[in-house]
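The sequence and the coordinates are shown first.

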Amino acid sequence: MKKQLFLFFCFLFLIQLPVWAQVPTKILPRDINIPMCNQVFPSIRGDAKALVYMTDYTNSKRLHIQYAEKKGPESWEDPVKVKSINLLFENNYWPGYSLTYDGNYIYFTSQKYGGRGKYDIWFTEKKGTVWADPLNIGMPVNSETNDGSPSLSADGQYLYFMRCESMGYNEASGCKLFVAKRKNDWMFEEAEPLPDFINQGNCVSPKILPDGQTLIFASDKAEAGNLDLYLTKKSKEGWSEPIPIDFMNDEHDNFYVSVPARGDLIYYVKTYKEKENIVKSILPEAFRPHPMIQITGKIVDKDSDRPLKAAIRIQNLEDASQEQVIKNHSDGSYYVLIQEGAKYDFSVMALDKKHNFYAKTIDLTKDFSPKNPNWDIKLSKTQKGETFRLNTVCLSEDAHIDQASEQDLKRVFLLLKSNPSIKIEIGVHTDSVYYDTLYQTVNFEENLQAEASNDSLLLLTENTSLTDSQREMTTGETEAILADSFNQEASLPPYTVRKIDPTLEQAEKLKAFLVEKGVPENFIQAQGYGDRHKLVPNTSLENRKKNRRVEIKILH
């Protein structure tokens, strides 16, 4: 009985623990958390393999910014100082920086010389192992007052920040949250404040999460007066009412967090042995962003492996909306986050307009493997003799052009428009050319669903009884018996045999689409190659898919 009472009271104690006490928390290793020193304000890269933070592990015991990359599951390379920001230390708002999800930029807050107002938003670009001299993002984001704590969305299109009445190296007051949409590579549009029901109290440190729809920020609007963390989500109807992140809020100021692309972890600071240490915790389901797929890689020239500047476009095929347009980094690398639950058109086009494009369909309505792929993309030059595949064109037997196929054909049109002197061949290939007997009366599309060895006559008469001697006959002799029997019962005309090769008709349909768009007819040749040029043997469904293809060949 005493044991039962003890267990009962233990249960009561556990259910009354604050939520944070039940959330698994892990301190980052000593590579980052130097004993007897403070480590604060962690900003994690999207893949969680690089980190920017501040530490007082210096001779002067003065905080400075460091950058570190992972070398193993739980170990880090030696951190390096971000000199281009640390040189401005006395002019910076310390917690006002963030590492972009692709890891190529640090946006930070400083009142250094050359700004537009008091405290401004600046950024530095990672070039190799060095962080370049900072640049001011300019007006209209930077105003005559104090602007800081920038957080750039994963697609680079929206900048969230705070605009404050007062700001110092470690304090900010009278702050409201704003968002600005990117106008071009170097400028943003006029910033707009977030709704009043979000901007209550002193609102600081906005962090837009990987999905671009979930925002964490801090406010002192609660009765206690200290900074607490809140979360709001954006939908087609607008922003939701902010909810407190109770498992992290306590009697102290809580305002700086970072969430990587996987969305189920959160990095922040906790006090251990009277020193600040960087920790990571499992983020409860209620506070997680929408699940995302992370795609990385490099875009290079096919022949020289030279990095190419390119635009990556992501389009939702369900509602034809353009989700993202992202330009890759100067070293050719790119970083894309795509939300699960829809089917997308993924395309890459070189900015020099002298290379062919690449495209594929990404179906995230089902299990996607690998979860975070690395796709290195090699683009061939637009020159005579080059051939490239239209990966998203998928034609039915009647040559119907679906939405995904249209996207690839529009890219062919743009390629021809950018290179008006070239002529192309559209070549359609299939895995097998079919032969059919009773084609006058049978829906051939049903036959295509079956194995290649079956034809419509055999399908319709598969239940016909045959004698043992008839079963030993050749296929042609067997078909003749079945046909005679079937024709007598159904009063059908005599059977015949024909070859079914739809590839020329399909190629002509694709050509007609481009001609209708305005491409001169004599600039396009349509070729149906049937099954004469297989890439691989038809030994599996995957191999058959490889053989069914549409290719563009540059003729002139």
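Cys164 counts as buried, at 2% relative accessibility. The model in which this residue is described is a predicted one.

| Cysteine | Relative accessible area | Class |
|---|---|---|
| Cys37 | 3% | buried |
| Cys164 | 2% | buried |
| Cys175 | 1% | buried |
| Cys203 | 0% | buried |

Cys203 takes part in no disulfide, and the nearest cysteine sulfur, which belongs to Cys175, is 8.5 Å away.

**The disulfide**

How many disulfides does the structure hold? There is one, and it links Cys164 with Cys175 at an S to S distance of 2.1 Å. The link of Cys164 and Cys175 is right-handed, with 110° about the S-S bond. Cys164 belongs to strand β13 (residues 158-167) and Cys175 to strand β14, so the pair ties together parts that lie 11 residues apart in sequence. In general, a disulfide is a covalent bond between the sulfur atoms of two cysteines.

**A nonpolar surface patch**

Strand β14 spans 172-181, and the loop between β14 and β15 (192-193) contains Met187. Together with Leu135 and Trp186, Met187 makes a nonpolar surface patch of about 330 Å². Is Met187 buried or partly exposed? Met187 has a relative accessible area of 35% and is therefore partly exposed, since that class lies between the limits of 20% and 50%.

**Strand pairing**

Strands of a sheet pair through backbone hydrogen bonds, either parallel or antiparallel. Between strand β23 (residues 292-301) and β29 the pairing is parallel and covers three bridges. Val300 has Lys378 of β29 as its bridge partner.

A further parallel pairing is found between strand β31 (residues 424-429) and β34, which are joined by six bridges. Here Gly427 has Gln527 of β34 as its bridge partner. Strand β34 covers residues 524-530 and is mostly covered, with five of its seven residues buried.

Conventions: Residues are numbered from 1 along each chain as its sequence is written. This is a predicted model: local features need pLDDT of at least 70, side-chain atom pairs count only at pLDDT 80 or more; totals for chains, interfaces and linings use all residues. Side-chain values use heavy atoms; hydrogens and water are left out. Buried means under 20% relative accessible area, exposed over 50%, partly exposed in between (1.4 Å probe, protein chains only). Helices (H or I, at least four residues) and strands (E, at least two) are DSSP runs, numbered from the N terminus. Two strands pair if DSSP finds at least two bridges between them. Patches are made of residues with over 30% relative accessible area and no salt bridge: like charges are joined within 9 Å, nonpolar side chains (Val, Leu, Ile, Met, Phe, Trp, Tyr) within 5 Å. Accessible areas come from the Shrake-Rupley method with a 1.4 Å probe; for residues, only the protein chains shown count as cover. A salt bridge is a side-chain nitrogen of Lys or Arg within 4 Å of a carboxyl oxygen of Asp or Glu. A disulfide is a pair of cysteine sulfur atoms within 2.5 Å.
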